[in-house]
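Please look over the structure below together with the report that comes with it. The report covers strand pairing, contacts and surface patches.

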Amino acid sequence: EISLNGFYSDDDFGYRQIETHGATLNLRRRMTRRVTGYGSVQYRRADSAFDTATCEANPLIFGLDTMDPLFDPVTSCASLAAQNGVTNTVIGQIGASYRIYKNASVFAEFSHTKRFSPNDLLEYDENNILAGITVDF
């Protein structure tokens with residue numbers, strides 16, 4: 001099986017805007033009666049921005065701790081502004097499942113995520129391993 005999905009989202013919360021779009025390519029192949037292999041590659045571009053004046057006037061809606069005695073809304077909102085911008089993320093995943101009974105399977109997956117951005121604060125690399133049991137009802 002091969003599938004290709006695309007997505008787009010443009011969220012405007014009045015004080016914060018996030019535009020996201022991307023695509024996912026999924027591959028799945030039954031290797032034997034009991035073993036299935038699968039993988040996917042996803043690309044996502046996100047562009048986020050917010051109104052600094054709104055942040056300074058209402059820092060609570062941005063999750064800032066106004067009760068901290070050293071809290072400064074200008075500094076805190078400037079720090080948040082530095083953590084917004086354009087990001088490009090690539091995610092690769094590979095896995096396999098093994099059917100142990102007619103309605104139960106065990107699986108293992110590995111994924112790697114890499115985010116690119118002109119802003120170094122927004123970049124990251126992440127590896128993830130997931131294993132589990134799936135029961136179908």
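What follows describes the strands first, then the salt bridge and the surface.

## Basis of the model

This is a predicted model, in which local features need pLDDT of at least 70, side-chain atom pairs count only at pLDDT 80 or more, and totals for chains, interfaces and linings use all residues. Residues are numbered from 1 along each chain as its sequence is written, and side-chain values use heavy atoms, with hydrogens and water left out.

Strands are DSSP runs of E with at least two residues, numbered from the N terminus. Two strands count as paired if DSSP finds at least two bridges between them. Strand β1 runs antiparallel to strand β2 (residues 16-30), and 11 bridges join them. Within this pairing, Ser 3 faces Asn 26 of β2. The two strands form a hairpin with 3 residues between them, and Gly 14 in that turn has a positive phi of about 90 degrees.

Strand β2 also pairs with β3, in the antiparallel sense, over 15 bridges. Here Arg 29 stands opposite Gly 37 in β3. A hairpin of 4 residues connects β2 to β3. Met 31 sits in the loop between these strands. With a relative accessible area of 54%, Met 31 is exposed (exposed means over 50%, buried under 20%, and partly exposed in between, using a 1.4 Å probe and protein chains only). The C-alpha atoms of Met 31 and Ala 96 are separated by 9.6 Å, although the residues are 65 apart along the chain.

Strand β3 (residues 35-50) pairs with strand β4 (residues 86-101) through 13 bridges, in the antiparallel sense. Ala 46 is opposite Thr 87 of β4.

Strand β4 is joined in turn to strand β5 (residues 104-116) by 13 bridges, and these two run antiparallel. Ala 96 has Ala 108 in β5 as its bridge partner. The hairpin between β4 and β5 passes through 2 residues.

## Salt bridge

A salt bridge requires a side-chain nitrogen of Lys or Arg within 4 Å of a carboxyl oxygen of Asp or Glu. By this rule the count is 1 salt bridge. The side chains of Lys 114 and Asp 125 meet in a salt bridge, at 3.1 Å from N to O. The pair links distant parts of the chain, with Lys 114 in strand β5 and Asp 125 in strand β6 (residues 124-135), 11 residues apart. Lys 114 has 30% relative accessibility and so counts as partly exposed.

## Surface patches

Patches are made of residues with over 30% relative accessible area and no salt bridge; like charges are joined within 9 Å and nonpolar side chains (Val, Leu, Ile, Met, Phe, Trp, Tyr) within 5 Å. Accessible areas come from the Shrake-Rupley method with a 1.4 Å probe, and for residues only the protein chains shown count as cover.

A nonpolar surface patch of about 750 Å² is formed by Ile 2, Leu 4, Leu 25, Leu 27, Val 41, Tyr 43, Val 90 and Phe 116. Strands β1, β2 and β3 are the elements that give two or more residues to this patch. Leu 25 lies in strand β2, and its 36% relative accessibility makes it partly exposed.

A patch of negative charge on the surface gathers Asp 10, Asp 11, Asp 12, Glu 19 and Asp 47. Asp and Glu count as negative, while His and the chain ends are not counted; the place of a charge is CG of Asp or CD of Glu. Strand β1 (residues 2-12) gives the largest share of the negative patch, 3 residues. Asp 10 is in strand β1.
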